[in-house]
Structures are given as structure tokens and as C-alpha cells.
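Trainee: I am new to this structure and would like a close look at a single part of its surface. Could you walk me through that part and then place it in its surroundings?

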Amino acid sequence: MGQCGVTSSKTVLVFLNLLFWAAAGILCYAGAYVFITYDDYDHFFEDAYTLIPAVIIIAVGALLFVIGLVGCYATVRESYCGLTTFVVILLLVFMSEVAVVVLGYVYRAKIEDEVNDSIIEVYEKYNGTNGNSQSRAIDYAQRQLQCCGIHNYTDWLKTRWYEQTKNNSVPISCCKTTVPGCTGSLTHPEDLFQEGCEALVVKKLKEIMMYVIWTALTFAALQMMGMLCACLVLCHRSKDPAYELLLAGGTQA
């Protein structure tokens with residue numbers, strides 16, 4: 001019965017190690033996705049420390065490739081040293097992913113304040129040219145999130161860009177994609193996105209952070225199962241009569 005349990009644990013452990021390779025790719029993708037999204041909205045969110053969870057999760061993903069190799073070899077050979085190393089590394093990775101979850105929640109709570117503090121300044125620096133990074137960021141956000149202005153399209157009336165252009169219009173990026181020939185003119189406000197960008201940027205960034213958190217939690221649970229299976233194999237290995245005889249011979253020597 002015990003041997004059956006050990007065999008099952010080894011089978012599960014080998015399968016988990018194969019999953020670790022897949023997990024490594026997914027974790028690296030998740031981290032890269034956060035970096036790309038942050039780059040799109042970095043003008044609205046100035047705290048670069050929010051990228052720490054993404055950095056950790058990419059490092060964990062890279063480490064999982066190595067863990068998968070060590071785990072498969074140690075499991076098949078029932079290597080005491082290999083399995084012990086495997087468990088220790090998994091424990092460190094597990095602790096790193098717990099840190100990702102904690103930091104993710106901390107920075108997720110700060111997102112709204114960060115956006116509130118920076119978004120007005122970004123809109124003030126808009127000049128409508130492609131060479132201006134703030135202009136590119138705002139136009140991108142308004143098209144992607146289908147929003148206009150900070151709270152609504154009337155916020156554009158208070159900007160320096162609106163005062164300088166004097167054409168009673170908002171940027172074309174405020175135009176609904178379903179309205180052909182829209183020029184952003186305020187004489188046809190029904191052609192413009194009605195929702196402001198501030199709430200949608202906050203929502204988007206919080207969704208990205210939750211994506212990181214749930215990814216870390218999922219694979220932390222997977223690694224916990226791997227540690228339990230490895231410990232079961234280790235316990236069986238230490239009770240093996242041949243192994244005990246080897247230890248006794250080593251002690252006598």
C-alpha cells in the first residue's frame with residue numbers, strides 16, 4: 001500500500017515538473033504583459049515600484065525551467081540530495097510568489113491615488129503632436145479604453161490645448177469608432193465617447209495587477225503540491241532498508 005502511494009506520488013511529481021515548464025512560460029508571459037501595459041500607461045502612473053511583482057514573477061518563471069529539470073531527474077532516480085534541493089528551491093519560489101501576491105495587493109491599492117495625482121498634469125501637457133509623449137499616451141488611452149477627458153469630454157475645455165486651438169473641438173481620439181467623419185467637434189457631442197478616462201485607466205491597471213496576483217496564487221498552489229509529493233518520496237527513501245544500511249555503514253566507517 002505504501003509502495004503504491006509512493007509510486008503515485010512519483011507519477012504526480014513527474015507530471016507536476018512537466019507542468020512547471022509550462023508554468024515558467026506562462027509566468028514569463030504574465031510578467032512581460034505587465035511591462036508592456038505599464039509602458040502604454042506609464043504617464044498616468046509614475047510609481048515604477050509597481051513593476052516589482054512583475055520582475056519577481058519573471059524571475060520565478062525562469063527559475064521554474066531549472067526546477068523542472070532538477071525535479072524530473074531527482075524523482076526518477078529517487079535521489080535524496082536532488083529531492084531535498086528540489087524541495088528547498090520550491091519553498092523559496094513559493095515564498096517569492098507569496099511576496100508577489102502581497103506586493104500586488106499593496107500596489108493595487110495605490111493605483112487610484114497614483115492616477116489621480118498624475119492624470120491632470122498629463123492632460124495639461126497635451127499638444128496634439130505625435131512627437132509629444134503625453135499626447136501619444138492620451139490618444140492611445142482614449143482610443144483603447146473608448147473614453148474622453150478625465151471625467152468626461154467637457155474636461156478638454158479647461159486644457160491649454162483647447163485654449164490654443166480655439167476650434168471648439170476635442171482630439172479626434174475622442175471620436176466613437178462607429179461614427180465616420182467625426183472631427184471631435186463639440187457641436188456634435190453625441191459623436192464622442194461619454195465616459196472619462198481616469199476611472200477606466202484605474203480599472204485597467206487594477207485588472208492587470210489582479211491578473212498577476214491570481215497567476216502567482218495558482219502556481220503557488222501547484223508548487224505546494226509538488227513539495228508534498230517530494231516529501232512523501234523522501235520519507236519513503238529514508239525508510240528504505242538499503243538506504244538505512246548505507247547510512248549505518250557510513251556511520252561505522
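Mentor: V88, L91, L92 and M95 make a nonpolar surface patch of about 370 Å². Accessible areas come from the Shrake-Rupley method with a 1.4 Å probe, and for residues only the protein chains shown count as cover.

This is a predicted model, where local features need pLDDT of at least 70, side-chain atom pairs count only at pLDDT 80 or more, and totals for chains, interfaces and linings use all residues. Residues are numbered from 1 along each chain as its sequence is written, and side-chain values use heavy atoms, leaving out hydrogens and water.

L92, one of the patch residues, sits in helix 3 (residues 80-124); helices are DSSP runs of H or I, at least four residues, numbered from the N terminus. An unreviewed UniProt entry annotates "transmembrane region" at residues 12-36, 48-74, 86-107 and 208-235; such annotations may be inferred rather than shown by experiment. Over residues 86-107, the chain is 100% helix and 0% strand, with its end C-alpha atoms 31 Å apart.

As for confidence, pLDDT is the predictor's own score for each residue, from 0 to 100. The protein's mean pLDDT is 78, and 82% of its residues reach 70 or more. Among its elements, helix 5 has the highest mean pLDDT (90) and helix 7 (residues 241-252) the lowest (41). Where pLDDT is low, the predicted coordinates should not be read in detail.

Definitions and conventions:
Patch = residues over 30% accessible without salt bridge, like charges linked within 9 Å, V, L, I, M, F, W, Y side chains within 5 Å. Salt bridge = Lys/Arg side-chain N within 4 Å of Asp/Glu carboxyl O. Helix = DSSP H or I, 4+ residues; strand = E, 2+ residues; numbered from the N terminus.
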